[in-house]
Amino acid sequence: MFSEVTASRLERIILKELSLNYPEIVKECSLNADNLYEELEISLAKVCTDLPLLFPRELACVTKEIFEDGEARARAKLPEIAANLRGALEEFGKEPMLAALTPVKTEPFLSSERLNLKGVPSKLVCFEGAQVPSILKPGSCPQQGVWASDRIHAAAFVMLLEAENGKEVPFAFVEYVSFGLLRRVAVRSTDRREVLKICREVEKIKAGVMPERKEEKFCKECNFSEHCVSESSLMSKFF
């Protein structure tokens, strides 16, 4: 069963799909802002045409009005996306941008028995001679760097990729697709430590030890609220 697709959610889906076309757009475009915007508009139209074919079940009950509203919301973001892409191209150059945006693998399945962790990053890219994970985020974007939760998300994929390849992965990318912004994340030991803590607490939950109950707005919708125990745990911060 799929959750309701609102115009806001549809906007995020459209912009995420559009971002997968950034490499082709960047490759073909000059640094002219008008040209970049036009190519984004053409690509967005194609995305909207293809969307029902990509997500037939999810979009089966979406009305024409909601679809048009979602498309209009996504189109309204194009000037900002074009400006940010152009700024990055001018600052870093076309070749580094293409390397950071172009996937060598899309949605690869990664797993580690040692970490007891599995995950699927949005893509893997080859940057500065190394394969690194890149995750697409359709939500809001901080003024600098990445959100703390996105940093932990990126660190988990870095650790999974290291487990798969047996090589150090020093950083990851987080792409805020609603803004056309690409942020590089240097993974720190504190990030890795947090991932390990979360993995171990999840194992406790699987073994039947529930996290400490904290009365928050999410509790009313939580299916496990009646079973919460008083034992303190790190996972209580995430519930």
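Over the face of which residue does K77 lie?

1. K77 lies over the face of F179, 5.7 Å from the ring centre. A charge is taken to sit over a ring if NZ of Lys or CZ of Arg is within 6 Å of the ring centre and within 35 degrees of the ring normal. The charged end of R184 is likewise placed over a ring, that of F171, at 3.8 Å from its centre.

2. A word on the basis of these values: this is a predicted model, in which local features need pLDDT of at least 70 and side-chain atom pairs count only at pLDDT 80 or more, while totals for chains, interfaces and linings use all residues. Residues are numbered from 1 along each chain as its sequence is written, and side-chain values use heavy atoms, with hydrogens and water left out.

3. The chain has eight helices and seven strands, these being DSSP runs numbered from the N terminus (helices H or I, at least four residues; strands E, at least two). Of its 239 residues, 41% count as buried, where buried means under 20% relative accessible area, exposed over 50% and partly exposed in between, with a 1.4 Å probe and protein chains only.

4. Among contacts (heavy atoms within 4.5 Å) between residues at least 6 apart in sequence, 64% join residues at least 24 apart.

5. The structure holds three aromatic pairs, a pair being rings of Phe, Tyr or Trp (its six-membered ring) with centres within 6.5 Å, called stacked if the planes are under 30 degrees apart, edge-to-face if over 60 and tilted for the rest. One of them joins F127 and F171 edge-to-face, at 6.1 Å centre to centre and with 90° between the planes; this pair links distant parts of the chain, since F127 belongs to strand β4 (residues 123-127) and F171 to strand β6 (residues 171-176), 44 residues apart. Both F127 and F171 are buried.

6. F127 also pairs edge-to-face with F173, at 5.2 Å centre to centre and 90° between the planes, and here too distant parts of the chain are linked, from strand β4 to strand β6 across 46 residues. F127 and F173 are both buried, and ring pairs link F127, F171 and F173 into a cluster.

7. Two backbone positions deserve a look, given that most residues other than glycine have a negative phi. E107, not a glycine, has a positive phi of about 50°; it lies in the loop between β1 (103-106) and β2 (110-112) and, at 54% relative accessibility, counts as exposed. N116, again not a glycine, has a positive phi of about 55°; N116 lies in the loop between β2 and β3 (117-119) and counts as partly exposed at 43% relative accessibility.
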